[in-house]
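Please keep the structure open while reading.

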Amino acid sequence: MRALVLNCTLKPSPQPSNTEQLARVVVEALEGHGVEVSTIRLADHDIPPGVESDLGGTDEWPAVRRAVLDAEILVVATPTWVGHPSSIAQKMLERMDAMISETDDAGRPVAYNRVAGVVVTGNEDGAHHVISEIAGGLVDIGFTVAPQGWTYWNRGPGPGPDYSGTDEGHEWSRSTGRAMAQNLVGVARALAATPLGPPAS
């Protein structure tokens with residue numbers, strides 16, 4: 001079984017990413033369940049805005065899309081900015097919009113029978129709102145979101161340290177991340193055993 005983490009931090013490599021640090025908890029838990037995990041930091045790639053799978057030219061989204069469809073599990077990890085997912089996370093969802101009308105050989109939307117979860121960080125409140133926006137978009141595209149398939153960390157309202165700047169709340173976020181990984185694998189195995197068919201007409 002394979003999983004892909006799309007890190008939607010605004011920081012290109014090699015800058016440290018708080019979001020990547022928390023996502024790593026989920027990665028290690030997935031690996032503990034025997035899942036092969038890879039990570040793509042979208043800020044490192046030329047991904048222009050749009051709603052098509054391939055915009056041509058230097059567009060690197062087609063390779064990311066292939067990696068998404070090669071995995072049974074997708075984890076979207078995003079920081080919180082102004083109470084919303086990062087602009088890169090929103091752009092990711094917009095590029096995935098094309099997948100709604102793309103089907104496999106059995107006539108199913110290409111995202112069917114893939115399970116998704118969400119990781120959120122930020123030093124302000126609003127994580128549940130961000131989780132809802134990402135999860136809602138993924139469900140619309142065709143992914144199955146695992147129950148309690150998320151973890152997050154935030155310090156609460158107002159300015160303060162980021163994830164790497166404090167140990168406050170880390171154990172809760174880590175235990176929630178491990179539970180998230182367990183649920184992702186459980187749902188992915190269930191879909192593998194009993195796949196969804198094409199939508200009824």
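The points below cover a helix pair and then a set of salt bridges.

1. Ground rules. This is a predicted model, in which local features need pLDDT of at least 70, side-chain atom pairs count only at pLDDT 80 or more, and totals for chains, interfaces and linings use all residues. Residues are numbered from 1 along each chain as its sequence is written, and side-chain values use heavy atoms, with hydrogens and water left out.

2. The α3/α4 pair. Helices (H or I, at least four residues) and strands (E, at least two) are DSSP runs, numbered from the N terminus. The axes of α3 (residues 87–96) and α4 (residues 127–141) come within 10 Å and cross at roughly 10°. Axes here are lines fitted to C-alpha atoms, for helices over the stretch in contact, and angles run from 0 to 180 degrees between N-to-C directions. The two helices are therefore roughly parallel to each other. That label covers angles under 35 degrees; over 145 counts as roughly antiparallel, 65 to 115 as roughly perpendicular and the rest as oblique.

3. Who touches whom. From α3 come Ala89, Leu93 and Met96; from α4 come Glu133, Ile134, Gly137, Leu138 and Ile141. Contact means heavy atoms within 4.5 Å. The residues divide into 6 nonpolar, 1 polar and 1 charged. In this scheme Ala, Val, Leu, Ile, Met, Phe, Trp, Tyr, Cys and Pro are nonpolar, Asp, Glu, Lys and Arg are charged, and the others, Gly among them, are polar.

4. Salt bridges overall. The count is 8. The rule asks for a side-chain nitrogen of Lys or Arg within 4 Å of a carboxyl oxygen of Asp or Glu.

5. Glu20 and Arg41. Their closest N and O atoms are 3.1 Å apart. Arg41 is buried, at 9% relative accessibility. Glu20 is partly exposed, at 35%. Buried means under 20% relative accessible area, exposed over 50%, partly exposed in between (1.4 Å probe, protein chains only).

6. Within α1. Glu28 and Arg24 form a salt bridge at 3.4 Å, N to O. Both lie in helix α1, 4 residues apart, about one turn of the helix. Glu28 is partly exposed at 47%, and so is Arg24 at 41%.

7. Arg178 and Glu171. This salt bridge spans 2.9 Å, N to O. Arg178 is partly exposed at 40%; Glu171 is partly exposed at 47%. Elsewhere, shared partners join the salt bridges of Arg24, Glu28 and Glu31 into one network.
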